[in-house]
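Good morning, and thank you for coming. Please look at the display first.

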Amino acid sequence: MDNLERQKSHDIEVKKKRKLLHRVLKNHPEFELTFDMQVGIRHVLGMEQGGIKDATRLSTPLLEDFEETLKLTFPREGSLSPPYTAPHSSRDFKFKAYAPKIFRRIRERFGISSIHVENHDADGMQALDEDPAL
């Protein structure tokens, strides 16, 4: 392989990386969807660590754990009733998490830490609202 071919190969790799690192700004058509997903994922990961109590962590997963879905509504002004959600700058949206207990087990198994949200007030999500790019 000569230098020209190596340079072309390198240029192609750089272009691929640029596409992968594309930031979604507020004027991007998918910004709202991306924002909603990010808020929902952060909330689910912060909720009592996937809803598993310490006593059930070591138990064998049940078929119901794989079929479990967690449905949440995120009103713009936040929710003052369980499950509590923080106010945000997006529209009202719904979020659905699939098999949260199973995915928590997978994260623990591979040493991936969850996001820990201690309080569910506007301060936790305000920083997310202030950043124009996700």
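Let me begin in helix H5, where Arg-104 and Glu-108 are separated by about one helical turn because they lie four residues apart. In general, an α-helix has 3.6 residues a turn, so residues three or four places apart point the same way. Arg-104 forms a salt bridge with Glu-108, with 2.9 Å between the closest N and O atoms; a salt bridge here is a side-chain nitrogen of Lys or Arg within 4 Å of a carboxyl oxygen of Asp or Glu. Arg-104 counts as buried at 3% relative accessibility, whereas Glu-108 counts as partly exposed at 39%. Buried means under 20% relative accessible area, exposed over 50%, and partly exposed in between, with a 1.4 Å probe and protein chains only.

A word on the source: this is a predicted model, in which local features need pLDDT of at least 70 and side-chain atom pairs count only at pLDDT 80 or more, while totals for chains, interfaces and linings use all residues. Residues are numbered from 1 along each chain as its sequence is written, and side-chain values use heavy atoms, with hydrogens and water left out.

The chain has six helices and two strands. These are DSSP runs numbered from the N terminus: helices are H or I with at least four residues, strands E with at least two. Along the sequence the pattern reads α-α-α-α-β-β-α-α.

How many salt bridges are there by this rule? The count is three. Glu-32 and Arg-91 meet in one of them, at 2.3 Å from N to O. That pair links distant parts of the chain, 59 residues apart: Glu-32 is in helix H2, and Arg-91 is in the loop between strand E1 (69-74) and strand E2 (93-98). Asp-36 also meets Arg-91 in a salt bridge, at 3.2 Å from N to O. Within it, Asp-36 is buried, with a relative accessible area of 5%, while Arg-91 is partly exposed at 40%.

Now consider Asp-65, found in helix H4 (residues 63-67). Asp-65 is buried yet has no salt bridge; the nearest side chain of opposite charge, Lys-101, is 4.1 Å away. For charge, Lys and Arg count as positive and Asp and Glu as negative, with His and the chain ends not counted.

Thank you; I welcome your questions.
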